[in-house]
Amino acid sequence: MDPICSADLFFFYGSLRHGLLHFVELGLEGRIEPVGEGWCPGRLHDLGPYPGLVDDPTGRVFGEVSRIRDLDLAARIEDLEIGYDYDRVRRVVAGGPWSAWVYRYIGPVPEDSLVPGGDWKEHLMTRGVRP
């Protein structure tokens, strides 16, 4: 896996999106540089407290593109994702377009876990969870 550098962009589609669980727990407000919103190809699955993006060229997953200049913070995010059935791949994100790192889910996909519309924040609201 290629190393992360301070100029890299990341596409966050789940709990690392602005205001959600890991965004708040990691104190990302003011520590990452928001770049824009967009989507990348894939399918989004509800894995319980967080989602997983799996490859699918016909689907869309919506999220936010950010830059992390603090490499220690990037390493903390990497530790959160890698090793828990995720890997990091580069994808083109529409909306810019941008080339960004995406944490892709590579674990088993539960039946009936597809997130309709591919937007985790929207999905949380339909589940009655306030993002």
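Q: How many disulfides does this predicted model have, and what makes a pair of cysteine sulfur atoms count as one?
A: A disulfide requires two cysteine sulfur atoms within 2.5 Å, and by this rule the count in the predicted model comes to zero. Cys 5 is in no disulfide, since the nearest cysteine sulfur, that of Cys 40, is 19 Å away.

Q: Why is Cys 40 called buried, and why is Cys 5 called partly exposed?
A: Buried means under 20% relative accessible area, exposed means over 50%, and partly exposed lies in between. Cys 40, at 0%, therefore counts as buried, while Cys 5, with 37%, is therefore partly exposed.

Q: What makes Ser 113 count as buried, and where does Ser 113 lie?
A: Ser 113 lies in the loop between strand S7 (98-105) and helix H3 (120-126), and its relative accessibility is 5%, so Ser 113 counts as buried.

Q: How do you know that the side chains of Ser 113 and His 45 make a polar contact?
A: The two side chains make their polar contact at 2.8 Å, and the cut-off for such a pair of N or O atoms is 3.5 Å.

Q: Why is Arg 104 called buried, and which side chain does a polar contact join to that of Arg 104?
A: Arg 104, in strand S7, has 17% relative accessibility and so counts as buried, and a polar contact of 2.6 Å joins its side chain to that of Asp 87.

How values were computed. Residues are numbered from 1 along each chain as its sequence is written. This is a predicted model: local features need pLDDT of at least 70, side-chain atom pairs count only at pLDDT 80 or more; totals for chains, interfaces and linings use all residues. Side-chain values use heavy atoms; hydrogens and water are left out. Helices (H or I, at least four residues) and strands (E, at least two) are DSSP runs, numbered from the N terminus. Buried means under 20% relative accessible area, exposed over 50%, partly exposed in between (1.4 Å probe, protein chains only). A polar contact is a pair of N or O atoms within 3.5 Å; within protein, one must be able to donate a hydrogen and the other to accept it, and residues adjacent in sequence count only if both atoms are side-chain atoms.
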